[in-house]
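Hi there,

Here is the structure I promised to pass on to you.

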Amino acid sequence: MFVYWKTRAMIFGKQSVLNSAHSVEKYESITSSQKIEIFPYLKTNLSGNERVCLDFGCGPGRFTQDLATLIHGKAIGVDPIHELLDLAIPTTDVEYYLLKKGKIPLPNNSVDIVWCCLVLGGIPEVLLPNTINEILRVLNDDGLLVIIENTSEKLSQSYWMFRSFEFYCSLFPEVSLKKVHQYSDLGETISVMIGRKKVHPIV
Ligand SMILES: C[S@@+](CC[C@H](N)C(=O)[O-])C[C@H]1O[C@@H](n2cnc3c(N)ncnc32)[C@H](O)[C@@H]1O
C-alpha cells in the first residue's frame with residue numbers, strides 16, 4: 001500500500017491525494033469546497049478547550065494549517081509517505097512528522113483532536129487494528145475524533161476500501177461516533193463522522 005502512495009506522490013505530487021477523476025487544476029477549489037462541507041461540523045463540536053490537533057495521514061497538509069488556526073492552537077501532521085510530507089509547509093503552529101512502522105511519534109493522551117480525512121479507506125483490514133490503537137493511544141480522554149470517509153455502497157478496489165458508517169463505528173467502540181453530515185463528490189458519498197473518546201474512570 002505504501003508503494004502505491006509513494007508512486008502516486010512521485011507522479012502526481014499533491015494532486016495524488018484527490019480522487020484521480022478530478023482534473024489537476026481543481027486541487028484548490030476541491031480543497032476549499034471540502035473545507036466548506038466539513039469545517040462547520042468540526043466547529044460546532046469543539047469545546048473551545050482544544051489546543052492540539054493531530055492530522056492523521058495528512059498527505060501534503062491540505063487541512064493542517066487551517067486546523068491549527070481553527071482551534072487557535074497547534075496542529076501536527078503525520079504521514080508515512082515522505083514525498084507527500086515534503087510538499088507540506090511547516091509554520092510556527094504546524095509540525096509534520098513521518099509515520100514509521102505505523103507508530104505515531106507522540107506520547108499517550110497528548111492530542112485533543114484526531115482529524116482523519118480520507119485515510120482509513122486506503123488502509124487494508126489487517127492494518128486497521130494497529131492504526132486504531134495508535135489513534136486512540138494519542139487521543140486524550142474526552143478528545144474529539146473526526147473521521148471523513150467514502151461510505152459509498154461500491155465494491156472495494158485493491159487500493160481503496162468502501163466501508164459503511166456502521167463499520168467505522170464498530171472500529172471505535174471507545175468513541176460515540178455520529179454521522180453529522182454527508183456530501184457527494186463525483187457521485188460518491190462522503191460521510192463526516194464525529195465523536196468523543198469515552199473518559200476512563202480513575203481507579
Ligand atoms: C487520499 S490521501 C488523503 C490525504 C489527506 N488526509 C487529505 O485529505 O488531503 C490518503 C493519505 O493516507 C496516507 N496513508 C496511507 N497509508 C497510511 C497508514 N497506514 N497510516 C496513515 N496514513 C496512511 C497516504 O500517504 C495519503 O497521504
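This is a predicted model: local features need pLDDT of at least 70, side-chain atom pairs count only at pLDDT 80 or more; totals for chains, interfaces and linings use all residues.

Let me start with the pockets. The largest pocket holds about 970 Å³ of space. Its lining is made of 47 residues, and Trp-5, Leu-118, Val-119, Gly-122 and Trp-160 lie nearest its centre. Sorted by class, that lining of the largest pocket comprises 26 nonpolar, 13 polar and eight charged residues. Several elements supply at least two residues each, among them helix 2 (27-45), strand 4 (111-117) and helix 5 (128-138). Helix 1 gives the most, with four residues.

The second largest pocket has about 240 Å³ of space. It is lined by 15 residues, with Tyr-27, Pro-60, Gly-61, Arg-62 and Ile-89 closest to its centre. Here helix 2 provides the largest share of the lining, five residues. The classes in the lining of the second largest pocket are six nonpolar, five polar and four charged residues.

Phe-2 belongs to helix 1 (residues 2-12). Because its relative accessibility is 48%, Phe-2 counts as partly exposed.

Finally, where does Gly-187 lie? You will find Gly-187 in the loop between strand 6 (178-185) and strand 7 (188-196). Gly-187 is exposed, as its relative accessible area is 67%. From Gly-187 to Ile-123 there are 64 residues in sequence and 22 Å in space, C-alpha to C-alpha.

Note on methods:
Residues are numbered from 1 along each chain as its sequence is written. Side-chain values use heavy atoms; hydrogens and water are left out. Buried means under 20% relative accessible area, exposed over 50%, partly exposed in between (1.4 Å probe, protein chains only). On a 1 Å grid over the protein atoms alone, a cavity is a set of points where a 1.4 Å probe fits but cannot get out, and a pocket is an open set with protein on both sides within 12 Å along at least five of seven lines; lining residues have an atom within 4 Å of a point. Grid points are joined across faces, edges and corners, and a volume is the space filled by probe spheres set on the points. Ala, Val, Leu, Ile, Met, Phe, Trp, Tyr, Cys and Pro count as nonpolar, Asp, Glu, Lys and Arg as charged, and the others, Gly among them, as polar.
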